[in-house]
Amino acid sequence: MFEFVRKWRRDRRLAGVQISPALWERVEAQLPFLDFLEPADRQRLRELARSFIAEKEFHGAQGMTLSDEAILSIALQACLPILRAGLDAYRGWVGVIVYPGDFVIPRHVMDEAGVVHEYDDEVLGEAWEGGPVLVSWYDEGEAPEGVNVVIHEFAHKLDMENGDIDGMPVLPPGMSRKAWAKAFSEAYERFCDAVDADEETLLDPYGSEHPAEFFAVASESFFEAPCDLQEEFPEVYVQLRKFYGVDPAAGQRRLDEAQA
């Protein structure tokens with residue numbers, strides 16, 4: 001009985017999310033990396049994005065008014081990491097808070113001596129365990145280059161499913177935790193060495209802060225620059241391909257060949 005009521009409410013909310021063909025085309029044209037997906041995955045992404053909009057609550061911070069384009073763009077990018085897992089991977093929370101550009105979060109940190117230090121942390125986004133996802137949003141052409149804050153923060157949400165934000169999310173059946181740990185630990189060590197040496201890196205140097213951040217920035221690259229990630233960190237790419245259930249590098253190569 002209760003499951004029937006929940007499904008009825010969910011279907012009713014979904015019926016209220018009507019997206020015109022023109023809006024789909026306009027927003028997807030601004031996300032060219034979606035072309036790396038197979039047609040069936042593109043359709044599934046649209047369905048997930050509609051369900052995401054129906055089930056989550058979007059709020060503009062600091063007086064920001066959210067446009068339909070912004071909401072749809074965030075939903076599409078947020079659903080890329082759950083093409084395999086489905087929307088249940090984002091259960092247990094409802095809020096997406098969108099800021100007009102980067103924003104400041106007050107921090108309170110206790111050091112080893114027990115002294116509490118307070119400071120303001122300027123960030124592009126943040127995912128809260130059991131709570132909302134905070135993301136910054138920019139007008140066209142103003143976003144920081146080489147950063148996808150939406151994919152980044154929603155990768156963190158998947159990392160939080162098992163309670164530890166450590167770069168080891170809940171793996172689907174058939175995946176090996178040992179193989180994942182080996183691929184990521186070796187790549188992370190090499191990446192940190194490159195950052196420490198001030199070398200130019202494919203991934204955002206912020207990924208060297210913690211294994212969880214490395215997982216998140218690698219996820220950004222997996223969807224946006226998959227061939228580059230496959231070349232730079234092939235074993236990481238293999239693990240992410242299995243985890244996310246798609247192969248965007250193959251799609252990018254097909255697209256490049258078609259355009260040649």
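Is Phe214 buried or exposed, and at what relative accessibility? Before I answer, please keep in mind that what we are looking at is a predicted model. At 1% relative accessibility, Phe214 counts as buried, because the cut-off for that label is under 20% relative accessible area.

The structure holds 20 aromatic pairs. Phe214 belongs to helix 7, whereas Phe233 sits in the loop between helix 8 (226-232) and helix 9, so the pair ties together parts that are 19 residues apart in sequence. Phe233 counts as buried as well, at 5% relative accessibility.

A further aromatic pair is formed by Phe222 and Tyr244, and this one is tilted, with 5.6 Å centre to centre and 35° between the planes. Here too distant parts of the chain are linked, since Phe222 is in helix 7 and Tyr244 in helix 9, 22 residues apart. Phe222 is buried, with a relative accessible area of 0%, and for Tyr244, likewise buried, the value is 0%.

These four residues are members of one aromatic cluster, which also includes Trp180, Phe184, Tyr188 and Phe191.

That brings me to the two helices themselves. In general, two packed helices are described by the angle between their axes and the distance between the axes. For helix 7 (residues 211-224) and helix 9 (residues 234-244), the axes come within 11 Å and cross at roughly 80°, and the two helices are therefore roughly perpendicular to each other. On the helix 7 side, the residues that meet helix 9 are Phe214, Phe215, Ala218, Ser219, Phe222 and Phe223, and their counterparts in helix 9 are Val236, Tyr237, Leu240, Arg241, Phe243 and Tyr244. The residues of this contact divide into 10 nonpolar, one polar and one charged.

Finally, I would like to turn to another part of the chain, namely Arg42, which lies in helix 3 (residues 39-55). What does the side chain of Arg42 make a polar contact with? The partner is the side chain of Glu28, at 3.4 Å. Leaving aside residues up to four places away in sequence, Arg42 touches Glu28, Leu34, Asp35 and Leu37.

Notes: Residues numbered from 1 in each chain as written. Predicted model: local features only at pLDDT ≥ 70, side-chain atom pairs only at ≥ 80, totals over all residues. Heavy atoms only, no water. Helix = DSSP H or I, 4+ residues; strand = E, 2+ residues; numbered from the N terminus. Polar contact = N/O pair within 3.5 Å; in protein donor to acceptor, adjacent residues only side chain to side chain. Contact = heavy atoms within 4.5 Å. Axes fitted to C-alpha atoms, helices over the stretch in contact; angles between N-to-C directions. Parallel < 35°, antiparallel > 145°, perpendicular 65-115°, else oblique. Nonpolar A, V, L, I, M, F, W, Y, C, P; charged D, E, K, R; others polar. Phe/Tyr/Trp six-rings, centres within 6.5 Å; stacked < 30°, edge-to-face > 60°. Buried < 20%, exposed > 50% of the residue type's maximum accessible area, 1.4 Å probe, protein only.
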